[in-house]
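I hope they are handy when you go through the coordinates.

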Amino acid sequence: MARLILRVNQAGMPTFEAGGFGGFTPLVFPVAVAASTLDIFIADAGTGRLYRYDPTVDAMAIIGGATITGQTRLAASPDGSIVVSDPAAGAALRFDRAGNLLQRIDARLGAARYDDIAVDPESGRYVALDRLQQRLEEVHPVGRSGVVLVDRQLPDGPTGIALDRRVIYVGGRHCACVVAIDPATGRQTTVIDELKEVGPLAAGGGWLVVADRVQQHLFIHRDGMLRGEPSFAELKLANPQGLAIVNDTLYVADGNGRRVAVFRLKP
């Protein structure tokens, strides 16, 4: 729950004037989360809204123009913008902090769609997953369509992706595993295979975290080694829908928990 920011300037900062803030608004069913050094972005399928939470004022603004469903995925860019992908929308949309539409990213083929998207924090390039075509595409921040990066070399039934240090992690439904792909060579390595059902995953700063919905655990890896596997109950999580990692901090969009939980990852 947080106050709503009703008015922002072109930099996305709230205008501190009468009527600039609204009442406290609860999350209903958050399904995706992304974070930058400035903000936390939350896709709430329960309200159909995309929120930008600003920790400096403990309040959140609504970013309009984005389709938010249970399949929505988010990727926060180094410049503070947010990319929203949803199979129902087809294209991915990028908004700045003030909610202005900056970029529309169309899938390479007319019938294709983006089911998940991740961002390289160094270059700002995006990697998007098309589950149906079993294909990864790379998109430049000013591009209009993707360039095929990996075509039909993914694990069967890809579920989602995460990106860290130019390594792409892909979850596989049939193998119940996570593989690491080198985009330069296409070489694949299985990094996690003890799962029952691959849920949301996130990577960053050498960390890789995967949720297993059957075992109801988070599997936490650091530089290729298992560092922990806490249960949802231990972390007071109901059913994690989306994960994000920034600066050794794990953000969890907990759907039925109606909140975003924040955990510090200890190297």
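The points below cover the numbering and conventions, then strands, pockets and a disulfide.

1. Conventions. This is a predicted model, in which local features need pLDDT of at least 70 and side-chain atom pairs count only at pLDDT 80 or more, while totals for chains, interfaces and linings use all residues. Residues are numbered from 1 along each chain as its sequence is written, and side-chain values use heavy atoms, with hydrogens and water left out.

2. Strand β24. Helices (H or I, at least four residues) and strands (E, at least two) are DSSP runs numbered from the N terminus. Strand β24 spans residues 249–254, and six of its six residues are buried; buried means under 20% relative accessible area, exposed over 50% and partly exposed in between, with a 1.4 Å probe and protein chains only. Thr-249, Tyr-251 and Ala-253 point one way, with Leu-250, Val-252 and Asp-254 pointing the other way.

3. Neighbours of β24. Two strands count as paired if DSSP finds at least two bridges between them. Strand β23 (residues 240–246) runs antiparallel to β24, with six bridges joining them, and β25 (residues 259–264) is likewise antiparallel to β24 with six bridges.

4. A four-stranded sheet. This open sheet has the order β7-β8-β9-β10, with antiparallel pairing. β7 (73–76) and β10 (101–105) stand at the edges with a single partner strand each, so one side of each is left without a neighbour in the sheet. The twist averages 20° from one strand to the next, where axes are lines fitted to C-alpha atoms, for helices over the stretch in contact, and angles run from 0 to 180 degrees between N-to-C directions. Three bridges pair β8 (residues 82–85) with β9 (residues 92–95), and Val-84 has Leu-93 as its bridge partner in β9.

5. The largest pocket. Its volume is about 960 Å³. On a 1 Å grid over the protein atoms alone, a cavity is a set of points where a 1.4 Å probe fits but cannot get out, and a pocket is an open set with protein on both sides within 12 Å along at least five of seven lines; lining residues have an atom within 4 Å of a point. Of the 46 lining residues, Leu-74, Leu-201, Ala-202, Leu-243 and Ala-244 are the closest to the centre. β19 gives the largest share of the lining, seven residues.

6. The second largest pocket. Here the volume is about 240 Å³, and among the 15 lining residues Val-167, Tyr-169, Ala-180, Val-191 and Gly-224 lie nearest the centre. β16 (167–172), β17 (177–181) and β18 (188–192) each give two or more residues to this lining.

7. The disulfide. Cys-175 and Cys-177 form a disulfide with sulfur atoms 2.0 Å apart, the rule being a pair of cysteine sulfur atoms within 2.5 Å. The torsion about the S-S bond of Cys-175 and Cys-177 is about -75°, so the disulfide is left-handed. Cys-175 is partly exposed at 35% relative accessibility, whereas Cys-177 is buried at 6%.

Notes
Grid points are joined across faces, edges and corners, and a volume is the space filled by probe spheres set on the points.
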